[in-house]
Structure formats: structure tokens, C-alpha cells
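Please find my notes on this model below. They go from the overall fold to the sheet, then to one helix.

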Amino acid sequence: MLETGSKAIDFTLPDEHGNPIALHDFKGKKVVLYFYPKDNTPGCTKQACAFKAAYEEFKREDIVVIGISKDSSASHIKFKEKYELPFLLLSDTELSVIQAYDVWKEKKLYGKTYMGVTRSTYVIDEEGVIIKTFEKASPANNAADILQYVKDIR
């Protein structure tokens with residue numbers, strides 16, 4: 001993971017409609033940048049729905065929520081529509097941002113080793129500095145943990 005206190009790496013990725021979205025577009029706002037393994041899987045769905053449930057509170061705090069996975073934009077459209085997700089989902093099929101943010105790691109499942117996205121979250125301040133990291137973020141608690149952190153630093 002990138003270190004707390006370091007400058008967030010700027011990037012531009014397509015949203016679910018193929019529109020380019022850049023991190024620097026949100027300068028002046030806090031950004032929650034969460035990386036997740038795959039659309040429509042149990043843990044990723046739980047995490048996305050937790051962000052959806054807390055979305056109005058994120059908006060009141062003037063925080064932008066952005067999810068990034070290696071899924072295609074077409075997959076993101078289906079995922080967003082199925083669960084009525086109100087926040088941005090960006091597609092990183094080339095793994096450029098996923099690797100730059102150091103969340104492409106070796107994983108193990110049922111004795112098999114493979115490379116994949118680790119569920120990780122960065123909170124980025126209004127100036128583009130990483131102020132909090134959540135490595136191995138909990139699908140159920142990640143959104144609530146972030147909101148509590150933001151309230152604690154006020």
C-alpha cells in the first residue's frame with residue numbers, strides 16, 4: 001500500500017460509460033478510493049452496498065466515493081444497475097492504477113496461489129494527500145470505518 005502522508009498518484013480511468021474520470025477532477029474534496037476484486041461477488045457486493053447505504057452521509061461530508069476494479073465498463077454498468085449504486089465505478093483493465101496503488105498482490109485460495117486485487121481503501125484529502133489507508137478492508141465495515149475516521153479528525 002502507499003504510505004499515509006504521501007501524495008496520491010493521479011490517474012485517469014473510464015467510468016461505466018467510458019467517460020474519462022481523473023483523480024485531479026476532485027481537488028478540493030475528500031476522496032474515498034476503494035479497490036475491490038470483482039463485480040457481483042459476495043464480498044464486493046456487500047462492500048458496495050455498504051457504501052450505497054452510507055452514501056448520503058458521504059455526500060453530507062462532501063466526500064467523493066470511487067470504486068476501482070479490473071472489471072470492464074460493461075460489467076460495471078450491470079453491477080451499478082443491479083444494486084442501484086450511486087457512486088463512481090472505474091475500470092482498470094490494464095491494471096495501471098491498481099499496480100500504482102500497490103493493491104495487486106499474490107493471493108491464496110484453497111491452496112492455489114494467484115495474483116489479484118486486495119480489498120484496500122485510501123482516504124485522500126482535499127489537497128490530494130493520502131490521510132488514511134485501510135489494508136484488507138472489511139466488506140461489511142469499510143464504509144462505516146471511513147465515516148468514523150472522518151468524524152474523528154474533524
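1. Overall make-up. The protein chain has 5 helices and 9 strands; these are DSSP runs numbered from the N terminus, with helices being H or I of at least four residues and strands E of at least two. Along the sequence the pattern reads β-β-β-α-α-β-α-β-α-β-β-β-β-α. The radius of gyration, taken over C-alpha atoms, is 14 Å, close to the 15 Å that the globule rule gives for 154 residues, so the chain is as compact as a globular protein of that length. That rule is 2.2 Å times the number of residues to the power 0.38.

2. Basis. This is a predicted model, where local features need pLDDT of at least 70, side-chain atom pairs count only at pLDDT 80 or more, and totals for chains, interfaces and linings use all residues. Residues are numbered from 1 along each chain as its sequence is written, and side-chain values use heavy atoms, with hydrogens and water left out.

3. Burial. Buried residues make up 48% of the 154 residues. Buried means under 20% relative accessible area, exposed over 50%, and partly exposed in between (1.4 Å probe, protein chains only).

4. Five strands form an open sheet in the order 5-4-3-8-9, with mixed pairing. Pairing requires at least two DSSP bridges between two strands. Strand 5 and strand 9 (130–134) are the edges, each pairing on one side only. The twist averages 20° from one strand to the next. Strand 3 (residues 30–35) pairs with strand 4 in the parallel sense over 6 bridges. Val31 stands opposite Val64 in strand 4.

5. Helices on the sheet. Helix 3 packs on the sheet and touches strand 4 and strand 5; its direction makes about 155° with that of strand 5. Helix 5 (residues 142–153) also packs there, touching strand 3, strand 4, strand 8 (120–124) and strand 9, at about 145° to the direction of strand 9. Angles run from 0 to 180 degrees between N-to-C directions, with axes fitted to C-alpha atoms, for helices over the stretch in contact. Contact means heavy atoms within 4.5 Å.

6. Helix 3 in detail. Which residues of helix 3 are buried? In helix 3 (residues 73–83) they are Ser73, His76, Phe79 and Lys80. They cover an arc of only 115° around the axis, which puts them on the same side of helix 3. The arc is that of the directions from the helix axis to the C-beta atoms. Their cover includes strand 1 (12–14), helix 1 (42–53), strand 4 (63–69) and strand 5 (88–91). On the other side, Lys78, Glu81 and Lys82 are exposed. Just after helix 3, Glu84 takes a positive phi of about 50°.
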